[in-house]
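The following paragraphs lead the reader through selected features of one protein structure. Please keep the sequence and the three-dimensional view at hand while reading.

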Amino acid sequence: MDVVKQKPSDNKSIKRMVISVIVLLALLSIYLVKQSVSQVTLNKKDLVIAQVTQGDLKVTVDGYGKLVSHKQELITALTRATVKEILLKPGAVVEQGSIIVKLENPELDYQLSSAQQQLVSLQANSRQLALNQQREIIAEKSKIAEYSAMLEAASLKREAEEKLFKQGIVSGLTFRESQLNEKQLKTKISLANQSLIHLQKVHQEALLIQQESINQQLNTVKNARDRLNALNVTAKFDGILQRLPINLGQSINPGQEIALIGSTSDLIAEIQVPQSQASTIRIGQAVEVDTRQAIILGKVSRIDPIVKDNAVLIDVIFTESLKSDMRPEQNVNAEIVTDVLKNVAYIERPANIQAKHQQPMYRLEQGHNKATRVEIIFGQKTSRYVAIEQGASPGDSFILTDLTNYQTQEIALN
């Protein structure tokens with residue numbers, strides 16, 4: 001009977017497999033131990049480290065924008081014209097009365113000349129009317145004087161005949177005729193006086209009507225002269241020529257924009273802020289405006305009710321004097337202080353930190369030769385800082401460098 005001798009070979013294979021498994025488990029255990037113990041080592045010179053501070057923290061909303069003139073003048077064309085000469089270009093400093101552009105329109109010269117001639121004609125007619133009225137008044141007064149002389153003579157005659165009539169020398173008929181003649185003359189004088197008064201009123205009204213026509217023509221002349229003078233486009237106040245959207249030889253229509261001038265002494269800041277943060281902004285809140293040359297304090301004066309491109313426009317007026325070299329259209333950044341957290345712990349804001357969330361950070365241990373991962377509950381954040389509600393104390397130092405790729409509990413530092 002044959003005996004199959006395979007049993008020793010199977011035992012050896014099983015033994016090798018067991019040994020291999022044990023080796024693999026050992027290697028895996030070593031790897032896991034290394035991972036758990038954290039053998040990550042970083043150079044402190046390559047890390048950004050900050051310390052927790054205790055104190056008041058301003059909660060701000062960041063924005064950006066530009067300086068604009070609070071006082072602006074948009075100059076438009078009064079009449080159709082052609083650009084004859086451009087004397088100043090955008091960015092130029094202008095003074096009150098500075099000529100910016102010269103326009104040309106020959107029709108305005110003719111209109112002014114025609115209006116002036118009509119005015120002269122009306123004024124001459126007015127003088128002629130006054131002379132005619134004066135002559136009529138004199139004639140009317142002469143008539144009254146004549147009647148008065150006749151009345152005086154008639155009265156003398158009547159008085160003389162009255163004595164003779166009483167003596168029976170003059171007949172009653174003759175005396176009655178003298179009385180009637182005297183009475184008629186008095187009536188004529190009375191009517192003539194009334195006619196004179198009425199004539200004077202008519203004359204006065206005629207002069208007023210004539211003067212109104214003259215005044216209307218004076219306005220016509222003034223308007224024509226203003227339109228002609230407006231061909232020389234001038235600045236109404238000192239400032240900066242901000243915009244000049246015309247070219248030499250271009251035809252200009254009435255109402256078309258010629259130039260925009262902004263004052264340099266009355267600047268405000270127009271700041272764009274994200275729509276999501278605009279709800280915390282209120283009128284009167286303090287603002288720090290960074291002009292790239294200085295930090296200037298201001299306050300919110302207006303919040304635009306319209307959202308455009310996911311941003312809200314905020315107007316800021318300055319509460320301190322601006323430097324003389326500040327100019328309209330200059331780019332600026334701004335921090336609007338929406339709240340002040342009193343006596344809180346805070347730290348410079350690490351990257352990828354969200355306000356009101358719990359996130360891990362590495363805290364430097366004593367000696368600063370290692371950092372330990374701890375959970376931090378953050379509060380409100382600003383553009384530079386974030387408040388800490390739990391997990392850290394004033395004086396603790398943390399690594400701000402983004403270490404989210406490391407999941408180890410500790411990191412060695414050298």
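A pocket is an open set of grid points, on a 1 Å grid over the protein atoms alone, with protein on both sides within 12 Å along at least five of seven lines. The model examined here is predicted.

In this model, the second largest pocket has a volume of about 250 Å³. It is lined by 17 residues, of which P360, M361, D402, L403 and T404 are the closest to its centre. Strand 17, covering residues 358-364, gives the most to this lining, with four residues. Sorted by class, the lining of the second largest pocket consists of ten nonpolar, five polar and two charged residues.

The largest pocket has a volume of about 330 Å³. Among the 15 residues that line it, those closest to the centre are V59, T60, V61, Q277 and K381. At least two residues of the lining are supplied by each of strand 3 (53-69), helix 4 (275-278) and strand 18 (370-381). The largest share, four residues, comes from strand 3. The class composition of the lining of the largest pocket is three nonpolar, eight polar and four charged residues.

Attention may now turn to a single residue. S126 is located in helix 2, which spans residues 106-167. Is S126 buried or exposed? Its relative accessibility is 14%, so S126 counts as buried, the cut-off being under 20%. Apart from its neighbours within four places in sequence, S126 is in contact with L207, Q210 and I214.

Definitions and conventions:
Residues are numbered from 1 along each chain as its sequence is written. This is a predicted model: local features need pLDDT of at least 70, side-chain atom pairs count only at pLDDT 80 or more; totals for chains, interfaces and linings use all residues. Side-chain values use heavy atoms; hydrogens and water are left out. Buried means under 20% relative accessible area, exposed over 50%, partly exposed in between (1.4 Å probe, protein chains only). Contact means heavy atoms within 4.5 Å. On a 1 Å grid over the protein atoms alone, a cavity is a set of points where a 1.4 Å probe fits but cannot get out, and a pocket is an open set with protein on both sides within 12 Å along at least five of seven lines; lining residues have an atom within 4 Å of a point. Grid points are joined across faces, edges and corners, and a volume is the space filled by probe spheres set on the points. Ala, Val, Leu, Ile, Met, Phe, Trp, Tyr, Cys and Pro count as nonpolar, Asp, Glu, Lys and Arg as charged, and the others, Gly among them, as polar.
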